[in-house]
Amino acid sequence: MRIGELSRKTGATPRALRYYEEQGLLSAERQSNGYREYAPNAVAMVETIRSLLDMGMPSSLVRDVLPCTVGERSEAACPDLLRQVATLRDDVRTRAARFEMIDDSLTSYLTANA
């Protein structure tokens, strides 16, 4: 499928898809006319990439994690990678707890001043 179709199916802009390619997260075959042709599994790949980036994972780590998420590499074979992901998860949990405290404070303020 071409970049426009992949963009429509995933909601990722063509610019984002080109960025993913530049970062080594996504690949496409070049046709003789220069158009990119993506593999059938590109939709799942882009959805995974977007999810990992949305979690706050840097693209350099996404590049390392991605093969594990699509079955190209076993997570057990990636102990350093698992440590990095666990660190990121712990950071996300810490930020989530902080946001929850802020939410509680704001709710209390609104309740007290309503």
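Predicted model: local features only at pLDDT ≥ 70, side-chain atom pairs only at ≥ 80, totals over all residues.
Leu88, written L88, is found in helix α5. Setting aside residues up to four places away in sequence, L88 touches G56, M57 and L61.

L88 and Y109 lie 21 residues apart along the chain, and their C-alpha atoms are separated by 32 Å. P58 and L88 are 30 residues apart in sequence, yet from C-alpha to C-alpha they are 9.7 Å apart in space. P58 itself sits in the loop between α3 and α4. With 41% relative accessibility, P58 counts as partly exposed.

Two packed helices are described by the angle between their axes and the distance between the axes. Helix α4 covers residues 59-69 and helix α5 covers residues 79-112; they pack at an angle of about 115 degrees, with their axes 11 Å apart. Angles of 65 to 115 degrees count as roughly perpendicular, and α4 and α5 are therefore roughly perpendicular to each other. Their crossing is left-handed. On the α4 side, the residues that meet α5 are L61, D64, V65 and C68, and on the α5 side they are L81, Q84, V85 and L88. By class, this contact of α4 with α5 has 6 nonpolar, 1 polar and 1 charged residues.

The spacing of such residues can be understood from the helix itself. An α-helix has 3.6 residues a turn, so residues three or four places apart point the same way.

Which residues of α4 are buried? They are S59, L61, V62, V65, L66, P67 and C68. What covers the buried residues of α4 includes α2, α3 and α5. One of these buried residues, S59, has a relative accessible area of 15%. Apart from residues up to four places away in sequence, S59 touches Y19, Q23, L25 and L53.

The crossing of α1 and α3 is right-handed. L6, K9 and T10 of α1 make this contact with A42, V43, V46 and R50 of α3. By class, the contact of α1 with α3 has 4 nonpolar, 1 polar and 2 charged residues.

The account can now turn to the interior. In soluble globular proteins, nonpolar side chains tend to be buried together. In this model, the largest nonpolar core has 24 residues, and those with the most contacts inside it are L6, L17, Y20, L26, Y38, V46 and M57. Helices α1, α2, α3, α4 and α5 each supply at least two residues of this core. Which helix gives the most to this core? It is α3, with 6 residues.

Several residues already named return here. M57, which is touched by L88, is among the core residues with the most contacts. L6 and V46, which take part in the contact of α1 with α3, belong to that list as well. Y38 is another member; leaving aside its neighbours within four places in sequence, Y38 is in contact with M1, R2, I3, L6, L17, E21, L26, S27 and A28.

Definitions and conventions
Residues numbered from 1 in each chain as written. Heavy atoms only, no water. Axes fitted to C-alpha atoms, helices over the stretch in contact; angles between N-to-C directions. Helix = DSSP H or I, 4+ residues; strand = E, 2+ residues; numbered from the N terminus. Parallel < 35°, antiparallel > 145°, perpendicular 65-115°, else oblique. Left-handed = near helix turned anticlockwise from the far one by under 90°. Contact = heavy atoms within 4.5 Å. Nonpolar A, V, L, I, M, F, W, Y, C, P; charged D, E, K, R; others polar. Buried < 20%, exposed > 50% of the residue type's maximum accessible area, 1.4 Å probe, protein only. Core = buried A, V, L, I, M, F, W, Y, C linked by side-chain atoms within 4.5 Å.
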